[in-house]
Amino acid sequence: MEDCIFCKIIDKEKPSDIIYENDEIIVIKDANPKTPVHLLIIPKKHISSVNHIEVEDKALMGDLILTAKKVAKEENLKGYKLLINVGKEGGQIVDHIHLHLLSGRPIEIP
Ligand code: AMP
Ligand code: ZN
């Protein structure tokens with residue numbers, strides 16, 4: 001997808017701090033971390049947002065959460081939050097679906 005920052009990261013056209021990668025998913029450190037541990041779990045398939053998920057993406061969406069669990073275990077995280085912003089009004093800035101993994105301090109969600 002042209003002009004998508006996460007697609008460029010996935011294609012290695014833009015640098016990023018990669019924590020984990022497989023054929024379908026990449027996990028990177030957030031460039032502007034809101035918590036001591038702030039990772040982004042990103043499917044390699046360009047899906048703009050939760051509002052654009054199709055039934056065929058069901059397994060991939062499940063894999064995002066399983067990947068969060070795997071990375072959290074590898075990073076020895078005792079607890080964490082998983083968050084998806086949806087749409088501008090939902091706080092979404094990058095229009096390529098991603099799961100935030102936040103940890104390292106108590107986090108208030110309004
Ligand atoms: P969202 O508001 O849910 O769309 O979150 C987008 C996240 O992507 C923000 O937390 C940004 O700090 C992060 N971000 C934007 N550009 C980059 C980048 N080039 N590398 C890593 N993280 C990024
Ligand atoms: Zn993209």
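Leu 102 is buried in this predicted model, with a relative accessible area of 6%. Here, buried means under 20% relative accessible area, exposed means over 50%, and partly exposed is anything in between, using a 1.4 Å probe and protein chains only. Because the model is predicted, local features need pLDDT of at least 70 and side-chain atom pairs count only at pLDDT 80 or more, while totals for chains, interfaces and linings use all residues. Residues are numbered from 1 along each chain as its sequence is written, chains are lettered from A and ligands numbered from 1 in the order in which they are written, and side-chain values use heavy atoms, with hydrogens and water left out.

So where does Leu 102 sit? It is found in strand S5. Helices (H or I, at least four residues) and strands (E, at least two) are DSSP runs, numbered from the N terminus. Setting aside neighbours within four places in sequence, Leu 102 is in contact with Thr 35, Val 37, His 38, Tyr 80, Lys 81, Leu 83 and Ile 107, where contact means heavy atoms within 4.5 Å. Gly 62, on the other hand, is 40 residues apart from Leu 102 along the chain, and their C-alpha atoms are separated by 18 Å.

Two strands count as paired if DSSP finds at least two bridges between them. On one side of S5, strand S3 (residues 37-43) pairs with S5 (residues 99-103) in the antiparallel sense over 5 bridges. Within that pairing, Val 37 has Ser 103 as its bridge partner, and Leu 39 has Leu 101. S4 also runs antiparallel to S5, joined by 3 bridges, and here Leu 83 stands opposite His 100.

Ile 97 has its place in the loop between S4 and S5, and at 1% relative accessibility it counts as buried. Beyond residues up to four places away in sequence, Ile 97 touches Ile 42, Pro 43, Ile 47, Ser 48, Ser 49, Val 50, Ile 53 and Met 61. Tyr 80 lies in the loop between helix H2 (58-74) and strand S4 (81-83), but this residue is partly exposed, with a relative accessible area of 33%. Together with Ile 65 and Leu 82, Tyr 80 makes a nonpolar surface patch of about 260 Å². Patches are made of residues with over 30% relative accessible area and no salt bridge, with like charges joined within 9 Å and nonpolar side chains (Val, Leu, Ile, Met, Phe, Trp, Tyr) within 5 Å; accessible areas come from the Shrake-Rupley method with a 1.4 Å probe, and for residues only the protein chains shown count as cover.

Finally, the charged pairs. A search of the whole structure finds 7 salt bridges, each being a side-chain nitrogen of Lys or Arg within 4 Å of a carboxyl oxygen of Asp or Glu. One of them joins Asp 3 and Lys 8, with the closest N and O atoms 3.8 Å apart; Asp 3 is exposed at 68%, whereas Lys 8 is partly exposed at 26%. Another joins Lys 29 and Asp 17, at 4.0 Å between the closest N and O atoms. This pair links distant parts of the chain, with Lys 29 in strand S2 and Asp 17 in the loop between helix H1 (5-10) and S1, 12 residues apart. Glu 56 and Lys 45 also meet through their side chains in a salt bridge (3.2 Å, N to O).
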